[in-house]
Amino acid sequence: MSSTDTCGCEGGSQQGETIVGISTAVGPGAVGIVRVSGPEAMSLAASTFRTPGDREILPDETFSLAYGRVVEPETGEVVDEALLAIMRGPRSYTREDVIELQCHGGAVAVRAVLGLMVRLGARIAEPGEFTRRAFLNGRIDLAQAESVAGIVAARSTAALRAAVRQLDGGLSESVQEARGKLVGLLASIEAAVDFADEDVEEVDDQALREGLRGAQAMLARLLETAFAGRVLEEGVRTAIVGRPNAGKSSLLNALVMRERAIVSAIPGTTRDTVEEQVEIGGIPIRLVDTAGLRVGGDQVEKMGVERSRRAMDQADLVLAVIDLESSWDEQDRMILRGCEKDRWIVVGSKSDLVDEPGRRLEELEAFVSEALSPDAGGKGTGFAETRICAVSALTGQGIDELRARVHEVISGEGKIHLEEAVLANERQRNLVEAATRSVSGAVSGLSQGKGEELVCEDVRSAVRALGEITGEELTPDLLDEIFSRFCLGK
Ligand code: GDP
């Protein structure tokens with residue numbers, strides 16, 4: 001099933017129409033671009049654009065740029081001075097004839113040009129409609145189309161790099177490879193089912209099982225990139241936890257290098273959670289300063305504590321802040337045990353207030369090990385020395401080292417391969433998960449001796465799910481859902 005023949009109608013796109021949109025952000029700026037795509041693009045250019053010498057646009061002109069004016073064809077009134085770029089289909093963004101008028105920036109000029117195009121018969125493009133046409137016309141697949149939105153929305157250098165790679169087709173290739181394998185297996189089982197009475201060779205269970213395992217491994221590799229994808233999309237969710245007054249807000253400020261959280265000497269003043277995003281080694285890190293974890297307190301504080309527990313539960317990384325200057329107690333132990341999951345770093349704070357920060361850090365290390373020992377109620381998961389560091393939010397000492405530790409913990413565990421194609425959004429991740437479940441269903445169905453029809457059904461679901469990533473398989477609302485998230489003019 002090709003993408004073009006299913007979705008011309010299902011997706012609601014009327015590809016015979018010529019569409020127009022403002023492709024730059026509307027607001028003060030040097031240049032504003034009005035983009036037109038469709039069968040009438042060239043005639044709209046011919047009727048509204050005048051070069052100084054009144055040069056005619058040649059029929060086979062493409063990838064050209066002309067200086068001139070946009071005029072009302074009937075009155076000859078000049079709307080704006082502009083550059084006209086011509087990109088004839090199929091070698092254009094949408095594969096249709098595309099013209100772009102680079103007008104003066106600001107809302108007025110572009111809106112006037114847009115209005116003129118609409119009066120002359122173009123329709124205002126829906127969000128993402130240009131990219132939707134690029135997909136419908138087979139220039140890019142659905143995963144590549146989504147990457148365009150990813151590039152526009154990228155919030156970090158690494159996210160931008162990943163989206164650009166996806167536009168190149170990196171992700172599509174891996175998905176196609178797994179899907180292709182499953183399609184092959186499906187064909188062999190279906191042939192055996194369809195011609196059961198005839199003399200067609202029976203399916204070799206062993207080969208089938210191996211094939212399915214191979215597909216499983218491919219999907220598992222894809223899923224491994226899901227964490228990286230989510231991190232690039234949303235940032236590494238990092239919760240800063242610790243007793244009231246431990247120095248959490250100050251640490252957040254030091255990492256962000258500006259005042260954002262309320263810093264005060266009264267315990268329990270960070271009553272809500274405060275969020276900031278920083279970039280460490282190109283990876284977006286979303287810092288959440290939680291209220292001090294302390295049992296009891298007034299009602300508002302209790303709510304804050306509840307929120308910080310939630311932030312911790314949802315965190316990819318926890319920074320447990322322990323005041324190097326104060327003595328440590330059961331509350332600190334509780335906090336440490338609470339972080340005993342895979343990614344966390346102990347931050348000894350206020351190092352400027354202790355005489356020998358190095359020795360104090362060693363004491364903290366011993367305290368952490370003791371608190372986490374199974375005898376003391378810990379899970380005994382072990383604690384790497386590299387995950388402890390001393391900082392002073394006041395002098396900035398140790399902050400760079402902490403940033404390096406964060407980078408190590410996030411990328412050093414092989415959890416983030418920034419150089420690979422990644423599952424970039426929740427839709428893609430859910431689909432690969434669904435495909436994985438179906439393939440596992442097929443594998444266990446096979447070993448339980450379930451009928452080939454049932455195994456077939458599982459494999460078919462997996463093929464369908466993977467096809468939805470690249471767009472070979474489309475459901476009626478899928479395109480609307482995807483492209484409505486785009487900005488106008490893209
Ligand atoms: P939170 O309740 O854990 O968010 O703690 P705050 O960040 O509000 O800090 C509590 C108190 O400790 C404030 O008076 C801060 O100025 C002080 N403080 C925090 N970090 C440092 C530090 O690195 N050095 C010094 N000297 N004081 C600090």
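Arg460 is in contact (heavy atoms within 4.5 Å) with Leu186 and Glu190, leaving aside its neighbours within four places in sequence. The model is predicted, with local features needing pLDDT of at least 70 and side-chain atom pairs counting only at pLDDT 80 or more, while totals for chains, interfaces and linings use all residues. Residues are numbered from 1 along each chain as its sequence is written, and side-chain values use heavy atoms, with hydrogens and water left out.

**Arg460 and helix α16**

- Arg460 is found in helix α16, where helices are DSSP runs of H or I with at least four residues, numbered from the N terminus.
- Arg460 is partly exposed, with a relative accessible area of 28%, on a scale where buried means under 20%, exposed over 50% and partly exposed in between, for a 1.4 Å probe and protein chains only.
- The C-alpha atoms of Arg460 and Ser438 are separated by 8.5 Å, and the two residues lie 22 residues apart along the chain.
- Helix α16 (residues 452-470) has 19 residues and reaches 27 Å from its first C-alpha to its last, close to the 27 Å expected at 1.5 Å a residue, the expected span being 1.5 Å times one less than the number of residues.
- The buried residues of α16 include Val455, Cys456, Val459, Ala462 and Val463, as well as Glu468 and Thr470.
- These buried residues of α16 pack against α4 (129-136), α5 (142-153), α7 (170-194), α8 (205-224), α15 (426-447) and α17 (478-483).
- Just after α16, Gly471 takes a positive phi of about 100°.

**Arg429 in helix α15**

- Arg429 is found in helix α15 and is buried, with a relative accessible area of 8%.
- Not counting residues up to four places away in sequence, Arg429 touches Leu223, Ala226, Gly229, Arg230, Glu233, Leu423 and Ala424.

**Packing of α12 against α13**

- The axes of helix α12 (residues 330-338) and helix α13 (residues 357-372) come within 9 Å and cross at roughly 70°, the axes being lines fitted to C-alpha atoms over the stretch in contact, with angles running from 0 to 180 degrees between N-to-C directions.
- That angle makes α12 roughly perpendicular to α13, a term that covers 65 to 115 degrees, whereas angles under 35 count as roughly parallel, over 145 as roughly antiparallel and the rest as oblique.
- The contact is made by Asp332, Arg333, Leu336 and Arg337 of α12, together with Phe367, Val368, Glu370, Ala371 and Leu372 of α13.

Conventions
Helices (H or I, at least four residues) and strands (E, at least two) are DSSP runs, numbered from the N terminus.
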